[in-house]
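Subject: Handover of a structure

Dear colleague,

Please find below the sequence and structure that I am passing on to you. My findings follow directly after them.

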Amino acid sequence: YEQSNSLQFMGVIAVKKQIIKLVLTVMIVIAFFLLASTLYFLYEVEWKKTVIIELENTETGHSVILQEIGSPFLFGPSKVQIILENEKGELVDEAEDYIYNDGKNLNQGNISVIWTDTSANVTLCGEEQEDKSLVLQYQR
(Lines give C-alpha, C1' and ligand atoms only; values in the text may rest on other atoms or scores of the structure.)
Protein backbone atom coordinates (compact mmCIF):
# COMPACT_ATOMS: atom_id res chain seq x y z
CA TYR A 1 0.00 0.00 0.00
CA GLU A 2 2.85 2.34 0.89
CA GLN A 3 4.56 1.70 -2.46
CA SER A 4 1.27 2.45 -4.24
CA ASN A 5 0.97 5.81 -2.47
CA SER A 6 4.56 6.59 -3.36
CA LEU A 7 3.94 5.83 -7.05
CA GLN A 8 0.74 7.85 -6.98
CA PHE A 9 2.62 10.78 -5.41
CA MET A 10 5.31 10.57 -8.12
CA GLY A 11 2.58 10.61 -10.76
CA VAL A 12 1.09 13.79 -9.27
CA ILE A 13 4.52 15.45 -9.34
CA ALA A 14 5.00 14.44 -12.99
CA VAL A 15 1.61 15.92 -13.93
CA LYS A 16 2.40 19.14 -12.06
CA LYS A 17 5.73 19.41 -13.91
CA GLN A 18 3.92 19.01 -17.24
CA ILE A 19 1.41 21.70 -16.27
CA ILE A 20 4.21 24.07 -15.22
CA LYS A 21 6.03 23.45 -18.53
CA LEU A 22 2.82 24.12 -20.46
CA VAL A 23 2.10 27.34 -18.56
CA LEU A 24 5.68 28.57 -19.04
CA THR A 25 5.55 27.76 -22.76
CA VAL A 26 2.28 29.68 -23.16
CA MET A 27 3.72 32.64 -21.22
CA ILE A 28 6.85 32.68 -23.42
CA VAL A 29 4.77 32.56 -26.61
CA ILE A 30 2.55 35.41 -25.38
CA ALA A 31 5.61 37.46 -24.36
CA PHE A 32 7.17 36.87 -27.80
CA PHE A 33 4.04 38.06 -29.61
CA LEU A 34 3.76 41.13 -27.36
CA LEU A 35 7.41 41.99 -28.00
CA ALA A 36 7.06 41.43 -31.76
CA SER A 37 3.89 43.57 -31.87
CA THR A 38 5.56 46.37 -29.92
CA LEU A 39 8.63 46.36 -32.16
CA TYR A 40 6.46 46.39 -35.30
CA PHE A 41 4.43 49.32 -33.92
CA LEU A 42 7.63 51.23 -33.09
CA TYR A 43 9.02 50.55 -36.56
CA GLU A 44 5.86 51.88 -38.22
CA VAL A 45 5.61 54.97 -36.01
CA GLU A 46 9.27 55.88 -35.50
CA TRP A 47 11.63 54.37 -38.07
CA LYS A 48 9.93 53.36 -41.33
CA LYS A 49 10.95 55.56 -44.27
CA THR A 50 8.30 56.10 -46.93
CA VAL A 51 9.02 57.99 -50.14
CA ILE A 52 6.19 60.48 -50.65
CA ILE A 53 7.38 62.00 -53.91
CA GLU A 54 10.50 62.41 -56.02
CA LEU A 55 10.83 65.58 -58.09
CA GLU A 56 13.48 65.87 -60.80
CA ASN A 57 15.12 68.87 -62.44
CA THR A 58 15.34 67.77 -66.07
CA GLU A 59 17.98 70.42 -66.85
CA THR A 60 20.54 69.41 -64.20
CA GLY A 61 19.44 65.85 -63.39
CA HIS A 62 19.16 66.68 -59.67
CA SER A 63 16.28 65.17 -57.70
CA VAL A 64 14.53 66.16 -54.50
CA ILE A 65 13.04 63.25 -52.54
CA LEU A 66 10.52 63.79 -49.74
CA GLN A 67 10.51 60.89 -47.26
CA GLU A 68 8.29 60.50 -44.25
CA ILE A 69 10.09 58.98 -41.25
CA GLY A 70 7.64 56.90 -39.25
CA SER A 71 4.09 58.18 -39.18
CA PRO A 72 2.01 60.16 -36.73
CA PHE A 73 0.01 57.99 -34.36
CA LEU A 74 -3.59 59.20 -34.64
CA PHE A 75 -2.57 62.87 -34.92
CA GLY A 76 0.49 65.10 -34.72
CA PRO A 77 3.28 66.19 -37.03
CA SER A 78 4.99 64.04 -39.63
CA LYS A 79 8.77 63.88 -39.44
CA VAL A 80 10.22 64.26 -42.93
CA GLN A 81 13.60 64.00 -44.58
CA ILE A 82 14.25 66.02 -47.73
CA ILE A 83 17.08 64.61 -49.84
CA LEU A 84 18.85 66.27 -52.77
CA GLU A 85 20.61 63.86 -55.12
CA ASN A 86 22.74 64.58 -58.18
CA GLU A 87 22.23 62.96 -61.60
CA LYS A 88 24.20 59.89 -60.42
CA GLY A 89 21.87 59.36 -57.45
CA GLU A 90 24.52 60.48 -54.95
CA LEU A 91 23.53 62.45 -51.87
CA VAL A 92 24.32 66.15 -52.28
CA ASP A 93 22.37 67.76 -49.43
CA GLU A 94 19.63 66.82 -46.97
CA ALA A 95 17.46 68.26 -44.24
CA GLU A 96 15.04 66.94 -41.63
CA ASP A 97 11.95 68.79 -40.50
CA TYR A 98 8.31 68.34 -39.52
CA ILE A 99 5.12 68.90 -41.48
CA TYR A 100 2.11 69.71 -39.33
CA ASN A 101 -0.72 68.17 -41.32
CA ASP A 102 -3.15 67.10 -38.56
CA GLY A 103 -1.90 63.51 -38.69
CA LYS A 104 -3.13 63.06 -42.26
CA ASN A 105 -1.16 61.16 -44.88
CA LEU A 106 1.40 63.25 -46.72
CA ASN A 107 1.20 63.65 -50.50
CA GLN A 108 2.70 65.67 -53.35
CA GLY A 109 0.73 68.72 -52.21
CA ASN A 110 2.91 68.98 -49.11
CA ILE A 111 6.02 70.03 -51.05
CA SER A 112 6.93 72.33 -53.87
CA VAL A 113 10.35 72.93 -55.41
CA ILE A 114 11.74 75.90 -57.31
CA TRP A 115 14.96 75.01 -59.11
CA THR A 116 17.72 77.60 -59.47
CA ASP A 117 21.21 77.39 -60.98
CA THR A 118 22.77 76.56 -57.58
CA SER A 119 20.02 75.13 -55.37
CA ALA A 120 16.62 73.60 -54.91
CA ASN A 121 14.33 75.92 -52.95
CA VAL A 122 11.92 73.60 -51.16
CA THR A 123 8.65 74.71 -49.56
CA LEU A 124 6.93 72.41 -47.06
CA CYS A 125 3.17 72.88 -46.66
CA GLY A 126 0.80 71.53 -44.03
CA GLU A 127 -2.74 72.21 -42.87
CA GLU A 128 -1.64 73.38 -39.43
CA GLN A 129 1.45 75.43 -40.31
CA GLU A 130 2.71 78.32 -42.31
CA ASP A 131 4.66 77.33 -45.40
CA LYS A 132 8.29 76.65 -44.50
CA SER A 133 11.15 77.21 -46.95
CA LEU A 134 14.41 75.28 -47.06
CA VAL A 135 17.33 75.67 -49.45
CA LEU A 136 19.28 72.61 -50.55
CA GLN A 137 22.52 73.51 -52.33
CA TYR A 138 23.81 71.60 -55.36
CA GLN A 139 27.33 71.94 -53.95
CA ARG A 140 28.31 72.17 -50.30
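Strand β6, which spans residues 119-124, is mostly covered, with five of its six residues buried. Please keep in mind that the model is a predicted one.

The partners of this strand may be described in turn. On one side of the description stands strand β5 (residues 111-115), which pairs with β6 in the antiparallel sense over five bridges. Three residues lie between β5 and β6, and the two strands form a hairpin. Within this pairing, Asn121 in β6 has Ile114 opposite to it.

The other partner is strand β7, made up of residues 132-137; β6 and β7 run antiparallel and are joined by six bridges. Here Gln137 in β7 is the residue that Ser119 stands opposite.

The largest pocket holds about 160 Å³ of space. It is lined by 13 residues, of which Val45, Ile69, Ser71, Pro77 and Lys79 are the closest to its centre. Two elements, α1 (2-47) and β3 (78-85), each give two or more residues to this lining.

What is the make-up of the lining of the largest pocket in nonpolar, polar and charged residues? Seven of the lining residues are nonpolar, four are polar and two are charged.

Yours sincerely,
A colleague

Key
Residues are numbered from 1 along each chain as its sequence is written. This is a predicted model: local features need pLDDT of at least 70, side-chain atom pairs count only at pLDDT 80 or more; totals for chains, interfaces and linings use all residues. Side-chain values use heavy atoms; hydrogens and water are left out. On a 1 Å grid over the protein atoms alone, a cavity is a set of points where a 1.4 Å probe fits but cannot get out, and a pocket is an open set with protein on both sides within 12 Å along at least five of seven lines; lining residues have an atom within 4 Å of a point. Grid points are joined across faces, edges and corners, and a volume is the space filled by probe spheres set on the points. Helices (H or I, at least four residues) and strands (E, at least two) are DSSP runs, numbered from the N terminus. Ala, Val, Leu, Ile, Met, Phe, Trp, Tyr, Cys and Pro count as nonpolar, Asp, Glu, Lys and Arg as charged, and the others, Gly among them, as polar. Buried means under 20% relative accessible area, exposed over 50%, partly exposed in between (1.4 Å probe, protein chains only). Two strands pair if DSSP finds at least two bridges between them.
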